[in-house]
Amino acid sequence: MAKEALASAEQLLPDRGAAVSQFNDPSNPFAAPVASSTAGATELPPGERGPMPTSVIVALVATGLMVLLSAIGSVGQLAAGEPAIGSLISVVIGILILLGIAKGHRLAHQWGRILVGIGAVLYTLGAGFGVVGVMMIANNPEILGADAPPELQNIDLRTAAMVGIAFLFGFVLLLWTIFFSLGTKSARRYFRLVCPSCGNTKVKANDFFFNRGKCKRCGVVW
Ligand SMILES: [Zn+2]
């Protein structure tokens, strides 16, 4: 893998071939990490993970749309004088995941799936409760009671609620799209989360930043 990274780094930077080739020195124990991290910092070596598969492109586009929707939601909430902490957190997390996916970093895959999965479950429940609530109020306006504010009987408010729920469902759809597209084998391969020895996709981090993974089945570290 280091040789491939090195070869592609030399292709990318022909004028720096001499500088790169010093990492070929077998007596240098730091050769492989230095060479691969140098190449990764500038441009992904094509030999290392191949072109971005459709699943990862789908995840990237869906994450971009999620950030956009969260940003629109934040602006709407702030304009309405409501706290927008939840959607602002979504924007920040979304941007971090977006950058991590674009770089193909394993942590982005791992945390992206965990956070997006939690968000997908919560927002699905929220959208479901929203639909039930709107339907209940639409069918029985009297359940709001005699002291219900008159504006709750207003048709415009119901329309606004329906728009809000449609918005929520769009968000839910994007979250599940990100979750499942990152879970495909092609995405795992792109993020180097498939064991090179046995093909297992259950991988745990072997260091804090997940620069190396360890196969949960055969214990190979790469
Ligand atoms: Zn393995």
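User: In this predicted model, is Phe210 buried or exposed?

Analyst: A residue is counted as buried when 20 or more other C-beta atoms lie within 10 Å of its own. Phe210, which lies in the loop between strand 1 and strand 2, has 21 other C-beta atoms within 10 Å, and Phe210 is therefore buried.

User: What value is phi of Phe210 near?

Analyst: The residue belongs to the loop between strand 1 and strand 2, and its phi is positive although Phe210 is a residue other than glycine. The value of phi for Phe210 is near 60°.

User: Where is Arg192 found, and what value is its phi near?

Analyst: Arg192 counts as buried because it has 20 C-beta neighbours inside 10 Å. Its place is the loop between helix 9 and strand 1, the latter spanning 203–205. Phi of Arg192 is again a positive value in a residue other than glycine, and it is near 55°.

User: Is Val221 buried or exposed, and with which residues is it in contact once its neighbours within four places in sequence are left aside?

Analyst: Val221 lies in the segment after strand 2 (213–215), and it has 12 other C-beta atoms within 10 Å, so it is exposed. Pro196 is 25 residues away from Val221 in sequence, while their C-alpha atoms are 9.1 Å apart in space. With neighbours within four places left aside, the residues in contact with Val221 are Asn206, Arg212 and Lys214.

User: How far apart in space are Gly86 and Ser74, C-alpha to C-alpha?

Analyst: Gly86 is found in helix 6 and is partly exposed, because 15 other C-beta atoms lie within 10 Å of its own. Along the sequence Gly86 and Ser74 are twelve residues apart, and in space, C-alpha to C-alpha, the separation is 8.3 Å.

User: Which residues of helix 7 are met by helix 6, and how many residues of that contact are charged?

Analyst: The two helices pack at an angle of about 145° with their axes 8 Å apart, and helix 6 passes helix 7 in a left-handed crossing. From helix 6, the residues Ile93, Ile97, Gly100 and Ile101 meet Leu107, Ala108, Gly112 and Leu115 of helix 7. This contact divides into six nonpolar residues and two polar ones, and the number of charged residues is none.

User: Which residues is Met66 in contact with, leaving aside its neighbours within four places in sequence?

Analyst: Apart from its neighbours within four places, the residues in contact with Met66 are Gly94, Phe171, Leu174, Leu175 and Ile178.

User: What pattern does the protein follow along its sequence?

Analyst: The protein has nine helices and two strands, and 24% of its 222 residues count as buried. Read along the sequence, the pattern is α-α-α-α-α-α-α-α-α-β-β.

How values were computed:
Residues numbered from 1 in each chain as written. Predicted model: local features only at pLDDT ≥ 70, side-chain atom pairs only at ≥ 80, totals over all residues. Contact = placed C-beta atoms within 7 Å. Helix = DSSP H or I, 4+ residues; strand = E, 2+ residues; numbered from the N terminus. Axes fitted to C-alpha atoms, helices over the stretch in contact; angles between N-to-C directions. Left-handed = near helix turned anticlockwise from the far one by under 90°. Nonpolar A, V, L, I, M, F, W, Y, C, P; charged D, E, K, R; others polar.
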